[in-house]
Amino acid sequence: YPAILHFGDAEREYQAAKCDAVLFDVSDRAQIEMTGKDARQFLNNFCTNDINRLGTEEGCEAFVTNVKGRILAHIFVFVTDGSVWIETNRHAEETLLAHFDRYLITEDVQLHSRTDQFGELFVTGPDSAEKLSSLNIQSNTLGLLEHTITHRGDDSLVIRRVDLLGRPGSLLSVDRTRLLDLWQELTASGILPCGAEAFHAHRIESGFPLYGLDLTDDNLAPEAARTQRAISYTKGCYLGQEPIARIDALGHVNRELRVLRLNSTPPPEAGAVIGAENGREIG
């Protein structure tokens, strides 16, 4: 996620994301392409959402879990004509590739890390689709997690509708050699560049977790509070399904990721204890 804290005024950037269109450099995120005739079914066997229901240019959010239902990665999946793409944070890429490779036996599936080839910029905010449309980047016709590819001269630009921060957003994936050109084109059009302070403030407010920070392999998938978006209880079997199905049968998990609004400053460190008025530790 954004390596730069801010571009001079973090408060202005935070406010602009609420009412205008802003730009974040998320080029450190990972992209994995799965090819081969068994790619879709193979991924369906290892993640919490139903990949088989997706059509071309559709996508979904999911978790990849181990046999105990614990989270190995938080992913977005995008189906194209000839392959399936996984978009996730860089922290999980090596684990994912090793995990999938371990279970590949006779399936016609090839794994390709595309992270060094393609980078992403993220444009979000209530005016983001309109601003992109003025540059002939058509994201306003895409439903949530739909995606399309557009050709601009000799370049190909992939547009993925992902509302990372709880507002309309587009991940723009392009060859890394063209990232700077795209950044300059977007900022020249009036889209405000923003840094990590604004990004994390908005993602925390919207409850969007980062794997490796808010979630780890200590967490069961239902503890992430993304069940409606990322977990299907009607799909077929997958690795980790049994413990996740048991949780569904019980009706709840013992702990769940929540957003707290705090009146005091500075904010507590990660891992700080949350106590109830009676002194009992509750989180």
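Which residue stands opposite Thr 150 in E9? Some notes on this one follow.

1. A word on the ground rules: this is a predicted model, where local features need pLDDT of at least 70 and side-chain atom pairs count only at pLDDT 80 or more, while totals for chains, interfaces and linings use all residues. Residues are numbered from 1 along each chain as its sequence is written, and side-chain values use heavy atoms, with hydrogens and water left out.

2. The residue opposite Thr 150 is Leu 157. E8 and E9 (residues 155-161) run antiparallel, joined by 6 bridges. They belong to an open, mixed sheet of 6 strands ordered E8-E9-E10-E7-E1-E11, with E8 (147-152) and E11 (192-193) as its edge strands, each pairing on one side only. Strands are DSSP E runs of at least two residues, and helices are H or I runs of at least four, numbered from the N terminus; two strands pair if DSSP finds at least two bridges between them.

3. Arg 90 has a salt bridge to Glu 93 (3.7 Å, N to O) and another to Asp 116, at 3.5 Å between the closest N and O atoms. A salt bridge here is a side-chain nitrogen of Lys or Arg within 4 Å of a carboxyl oxygen of Asp or Glu. The structure holds 16 of them.

4. Now for exposure (buried is under 20% relative accessible area, exposed over 50%, partly exposed in between, with a 1.4 Å probe and protein chains only). Glu 93 is buried at 8%, Arg 90 partly exposed at 39%, and Asp 116 exposed at 64%.
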